[in-house]
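Please open the model in a viewer and keep the selection panel at hand.

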Amino acid sequence: ALLQEITCIFLCHLFIPIPQQVSLSENLKTQQVSISWVGGEATTFDLLILRTELNDTVFYETVTVAAEASGQSKFLWTSAEPLECTSLSFRVRSRSGQLTSDWSSTQILQGNDSPTDERMQAYPQDKTVPAGSNITFCCIIGEGKSFDSFHFISESINVTRLSRRTYAATVYNLKPSRSYGHNAYCKGKTEAELYGAVIFVGYPPLFTDFICETHDLTSAVCHWTEPRKTQLLGRRQTRYSINGRYGQNRKQCSFPRWEENWKLLGWNPLGEYSLTDIADVRSRVVPLPPEELSTVANARNATVTWQWKLNHYVSLPLVCQVELMSSDDKTKRTFSGVGLRSATLLDLYPYEEYSVKVRCGAQQNFWRWGNWSKTISFQTDSEIPSAPDVWMWMNGDTTGQILWKPYEPRKSHGPIVSYEVTLWSPDDITRHTQIVSPETFAMPVNLSGISINNTKVIASVVAKNPAGLSPPESLDLDSEAITKVDFREGAFPLSWQSDANSSCGYIVEWYEASCQRDCPVEWIKVGEEITNVSIKSDAFEPGVRYYFSLYSCSSEAPELLKRWEGYTRELAPSSSVQLSTEQQDSDILISWSEIPSTHRRGFLLGYNVYLNNGSQLTKLADWLIFEILATLGVTALALIIVTFVCYKKRKCMVHIVEKPEWDSSKEVLVVIPEEDEDDEGQGIRDEPVDTDEPTSLRYYNQVVDERPIRPRYPDSSASSASSMDSGRTDVTYTGIQTSGSSLVFQSDSQSSSDQPLVVPESCGGADGGYRPQMQLPPENDNASLAQSHSLPESQACRSGGYRPQNNWQLDSPDEADERRSLAPSLGSPTSIASTQFLLPDQSSDELAEEKHQSSAATWLTNLLSTTKP
Amino acid sequence: MNEHVKSRSLHLCTHTAATLLSLLLVMVFDSTKATVATQQCGSTLLQTLKLARFAQKESVDIIKTYKASQGDMSEIICKVSLSGLPDPNISGLESSEQMSSVHSSLQEFSPHFKRVFDQQTDLQLPDSPLLDQLSVISRRSLYLDSQITVLYQQLFPNSPPLGADGGATSLPPPQNVFQQKVYGCVVLKTYKEFLSNVSKYLRTLKNQMCGINARRINMFF
């Protein structure tokens with residue numbers, strides 16, 4: 001073995017040359033050392049790098065290096081630590097298989113930790129590295145000082161000792177730094193022993209979308225985008241050049257002349273990046289934004305015009321986009337033309353605020369749209385409104401509401417100034433027009449004054465704005481829209497015509513008409529071949545109105561086809577009207593309120609007005625719906641005569657008595673003059689002396705007080721039932737009648753012949769009556785009074801009185817006889833009476849009252865005497 | 001005898017009158033001097049003192065901004081001491097010498113401010129508040145220096161005028177960024193300390209020159 005070793009040494013030295021002329025060239029910035037030597041024919045070398053002070057091996061590898069033409073072999077080594085950190089020793093030897101030469105002489109790369117440099121130092125300084133990379137710092141402690149710690153940003157980092165004064169620490173996966181970099185520093189044992197380095201971490205340049213364009217077919221504007229910031233600023237920021245011309249640190253450069261080829265180059269300490277753009281100038285035309293936009297607007301269209309800053313566009317085929325914006329919409333409309341400078345916008349909404357802006361592009365070789373112009377606003381003109389959406393709601397036979405919806409946006413075509421509602425009947429040329437404010441969307445209507453003989457009434461609604469009136473929207477207010485249906489054989493028979501749209505039959509629903517909310521609704525479904533049905537229900541009650549609605553069943557929503565209304569049995573109304581009077585000179589204006597629908601308990605046919613001049617009730621007017629024409633003459637005559645007589649006699653009292661629909665199960669109503677009450681002695685005497693009820697009502701209440709709803713008495717009647725010196729007026733609302741007779745108390749022809757009429761006796765027996773105190777009666781007052789007795793009596797007898805319906809049967813013949821004996825109006829459908837005393841206003845001349853003080857005293861005396869039982 | 005006595009009495013009387021007149025002149029002179037001093041207190045000196053205090057407050061504020069603009073652990077880099085900066089202390093025994101020292105130091109600080117501004121321009125975003133504040137304190141120091149010059153001329157009109165250039169200022173050699181950060185902070189800290197000393201000096205000067213009247217006036221500052 002010794003021989004072999006000696007032989008090897010001999011051969012090695014003889015045939016494997018030792019590398020000569022070893023030299024070092026360092027690059028501190030890149031931390032690289034270029035080692036060169038002359039190694040003869042050898043191509044494989046062992047390279048050894050040691051830290052000089054501690055003799056630690058940094059690098060020891062066999063490398064294969066081809067000799068250059070000069071005979072030198074070179075190897076580039078990159079150090080993990082900055083080369084300033086500590087001194088390094090380099091040696092090279094040649095290798096041939098297992099045979100190696102001796103090591104070359106040691107070359108030392110001097111570090112900054114030599115004793116001659118006593119400063120505290122840190123490396124690398126001001127280095128810029130890519131994000132995500134690793135870096136090794138080193139600190140050289142001052143000569144004679146001690147190391148304490150190393151910090152990067154806010155963390156303490158473990159260190160490795162490289163030499164007597166040098167310590168190194170590695171930081172991994174660096175994150176991008178802010179503009180002032182990351183701080184790394186090491187501390188000595190004292191506060192003054194501090195030194196560090198700043199490292200900047202970022203990205204190499206990167207940009208996209210490098211495009212050169214022209215606005216005028218001559219010059220060029222090149223721009224690009226930077227999708228990722230380099231995080232490097234100041235001296236480290238990215239710099240750009242286009243076609244070798246340096247640009248500012250902006251993302252756009254302008255050039256006076258177009259070039260076919262454009263190259264953008266960007267660089268920073270971490271690298272460089274370039275992009276090119278090749279294009280013909282005609283394919284990169286981007287017009288400047290249009291200027292000086294203006295509009296000329298009409299109701300449905302507008303013309304937008306604009307100007308061009310450059311004359312180049314006058315002959316350039318352009319395509320322009322107009323963006324039209326309204327309150328809730330945004331549309332783009334495209335127009336084209338050579339040197340386009342205007343566009344007409346159609347299909348606009350009247351009286352609408354619009355904003356508009358324009359941008360253009362080259363029509364030929366379109367590249368992209370130019371920038372938008374400034375936005376301008378305009379408003380289209382007004383136009384007549386569209387027809388309003390109108391509906392009706394009939395809440396009674398002749399009363400209801402015309403309803404219309406507020407205009408939806410863009411339907412009014414301008415601010416609505418007013419609505420005009422016109423009611424008219426085809427049979428009558430008179431039109432009833434009412435103008436209402438734009439905030440009004442409903443108007444109550446009463447067809448009784450318009451419709452004659454229940455002919456239909458047409459309601460037209462038009463809206464008005466500054467441009468004019470809308471087309472009318474009309475509705476037929478057919479009072480017969482709801483068909484009355486009789487209750488026959490325990491059911492409501494409904495029939496209808498087959499509806500072609502009904503694909504799955506019909507639905508009939510019914511409910512109480514008086515129900516306002518949460519109504520119990522019943523319904524039945526029948527097949528499409530069915531066109532009639534009889535509705536039976538145990539829930540039906542007399543005196544309650546029911547609505548029946550027929551709907552067609554189809555794939556869409558059910559459609560209302562027909563409506564009916566009906567009672568199983570009609571009853572007399574359960575409440576009185578609110579009666580009021582107003583004296584107008586020698587006339588008396590009588591007015592009363594409508595009966596609530598729930599109190600009607602039957603179809604209301606009209607009202608009778610009676611004059612009570614003491615003990616006699618005389619009909620003044622009869623507004624029976626079906627018989628008004630027949631009774632009009634008689635009523636007018638009676639009113640004239642009675643008025644004349646009362647005026648002359650001052651003893652008559654106007655008494656208007658309701659004609660209730662009489663329930664046969666109830667007691668009949670009769671008005672009994674006081675004289676008769678006294679004569680008959682039917683318990684009336686037991687009434688309290690100071691009762692407030694009029695005589696007629698007192699009896700009525702005695703009989704029908706079982707009703708769930710008590711009749712309401714006018715407050716004015718509280719004066720006294722016996723104050724027959726004052727005139728009283730009663731209004732009766734007539735129930736079902738078979739006769740248009742103006743006389744109320746005649747139950748039928750037979751009974752009227754059997755029973756003596758009470759009215760003449762009552763009227764004649766009264767010694768008071770209405771006396772207008774403003775006009776004193778003449779001397780022949782007695783004669784007039786006598787005449788007034790006879791006329792109402794004769795009128796009452798001739799008119800025949802009220803004839804009850806057949807269904808108002810008394811429970812038994814005996815009972816009927818008994819009732820017949822009580823009053824001639826037995827079984828009458830007359831309703832509760834409302835009475836209004838026709839007294840002069842308190843504002844009447846008091847002097848006149850004083851003059852008639854004796855008359856008033858007489859009246860009071862009579863009052864006290866007549867109210868006693 | 002009587003004439004001698006009369007003459008002597010007249011002489012004595014004359015002497016007494018002269019003495020009184022001299023005393024009166026001295027009093028008038030002192031009063032005039034005090035009035036002049038009071039006027040000075042109410043104008044340049046007080047304005048200079050007020051300006052120095054305001055500049056001191058700005059220096060405190062900018063140090064906070066500076067530390068916040070240098071990265072983490074920037075507090076520690078402000079603890080490093082550097083040489084070659086203006087002396088924050090005011091030198092000289094006489095008041096005029098001290099005022100001249102203030103003037104010199106202000107002029108020395110100016111190039112340091114510019115150096116710090118340039119260095120920070122490389123580290124801060126263009127809209128950084130630090131750059132604005134650096135510009136402000138640089139201009140303020142020049143204004144304070146001009147005030148000091150005016151005050152010096154008023155208080156020491158017979159003394160040689162203050163130098164315009166203040167002598168050549170030695171700036172540090174090119175620094176790495178870490179050194180720049182340290183340098184900027186130390187410059188600002190030194191400037192703040194200097195302004196504190198200037199304020200003390202001017203306050204002392206005010207007390208010396210203005211006395212009670214100045215104290216009364218100073219109550220309003």
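**Stop one: a sheet in chain A**

Select strand E42 (residues 506–512) and strand E45 (residues 545–552) of chain A, which pair in the antiparallel sense over 7 bridges. Two strands are taken to pair if DSSP finds at least two bridges between them. Helices (H or I, at least four residues) and strands (E, at least two) are DSSP runs, numbered from the N terminus. Within this pair, display Glu509(A), which stands opposite Ser549(A) in E45(A).

This is a predicted model, in which local features need pLDDT of at least 70 and side-chain atom pairs count only at pLDDT 80 or more, whereas totals for chains, interfaces and linings use all residues. Residues are numbered from 1 along each chain as its sequence is written, chains are lettered from A and ligands numbered from 1 in the order in which they are written, and side-chain values use heavy atoms, with hydrogens and water left out.

Now extend the selection to the open sheet of 5 strands, in the order E40-E46-E45-E42-E43 (chain A), with mixed pairing. Strand E40 (482–484) and strand E43 (522–526) of chain A are at the edges with a single partner strand each, so one side of each has no neighbour in the sheet. From one strand to the next, the twist averages 25 degrees (axes are lines fitted to C-alpha atoms, for helices over the stretch in contact, and angles run from 0 to 180 degrees between N-to-C directions).

**Stop two: another sheet in chain A**

Next, select the open sheet of 3 strands, ordered E18-E19-E22 (chain A), with antiparallel pairing. Its edge strands are E18 (208–213) and E22 (252–255) of chain A, each pairing on one side only. Strand E19 (residues 220–225) of chain A is joined to E22(A) by 4 bridges; here Val221(A) stands opposite Ser254(A) in E22(A).

**Stop three: where chain B meets chain A**

Finally, select the contact (heavy atoms within 4.5 Å), which takes 20 residues from chain B and 22 residues from chain A. The area buried between the chains is about 1800 Å², with 57% given by carbon and sulfur atoms; buried area is the accessible area (1.4 Å probe) that two parts lose on being put together, summed over both. In chain B, Ile76(B), Asp122(B) and Phe178(B) lose the most area to chain A, together 31% of what that side buries.

Which residue of chain A meets the side chain of Asp122(B) in a salt bridge? Arg236(A) does, at 3.3 Å, N to O. The rule (a side-chain nitrogen of Lys or Arg within 4 Å of a carboxyl oxygen of Asp or Glu) finds 3 salt bridges across this interface.
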